[in-house]
Amino acid sequence: MGYRNIVKDDDPMKTLHKKCRPVTEFNQKLWDLLDDMADTMYQAEGVGLAGPQVGYLRRVFVIDVGEGLIEFINPEILETSGEQDGNEGCLSFPGEYGMVIRPNYVKMRAQDREGNWFEVEGEELFARAMCHENDHLDGIVFKERAYRMLEEDEY
Ligand code: ZN
């Protein structure tokens, strides 16, 4: 078990705004990182956490929307459809929420921690989380996608 500091937007290195490189080594170091990312996400009560949010500029994120933990390494979006309009937050932007339109259905492929490719599809919150976390790998944060940020009395 290990907890990592979650990078916030005031980070002078602008870590959250950098494009991540692919993961090339599937080794103990990656597995330790993935374990720590899951611990950190659960402790912070989030549903997803991406590499750059713990200062790791590689294409990796974890998601658990209540259906179990999934680790995504070098993910790619294969297919999207529909639309959902809803509020979104981010562990790197505590206390900030915004309205973001996302596809309602997303199909991705990614590698697991051993390097094996798998496909996964999801709707609603799961689809939203996959898009949000995948954006992090390209240095895009949800505030750049939000068409309106919420006021405090709207949470
Ligand atoms: Zn986020």
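The zinc donors follow the spacing C-x41-H-x3-H along the chain. In this predicted model, local features need pLDDT of at least 70, side-chain atom pairs count only at pLDDT 80 or more, and totals for linings use all residues. Residues are numbered from 1 along each chain, and side-chain values use heavy atoms, without hydrogens or water.

The zinc ion is coordinated by Cys90 (SG), His132 (NE2) and His136 (NE2), at 2.0 to 2.2 Å. Donors are N, O and S atoms within 2.8 Å of the metal (3.2 Å for Na, K and Ca); water is not among the atoms, so sites may look incomplete. Cys90 lies in the loop between strand 4 and strand 5 (98-102) and His132 in helix 2, so the pair ties together parts 42 residues apart in sequence. Helices (H or I, at least four residues) and strands (E, at least two) are DSSP runs, numbered from the N terminus. Cys90 is buried, with a relative accessible area of 10%. His132 is buried too, at 6%. Buried means under 20% relative accessible area (1.4 Å probe, protein chains only).

The largest pocket has a volume of about 370 Å³. Of its 23 lining residues, Gly46, Val47, Gly89, Cys90 and Leu91 are the closest to the centre. Helix 2 gives the largest share of the lining, six residues. A pocket is an open set of points on a 1 Å grid over the protein atoms alone, where a 1.4 Å probe fits, with protein on both sides within 12 Å along at least five of seven lines; lining residues have an atom within 4 Å of a point. Grid points are joined across faces, edges and corners, and a volume is the space filled by probe spheres set on the points.

Terms used. Buried < 20%, exposed > 50% of the residue type's maximum accessible area, 1.4 Å probe, protein only.
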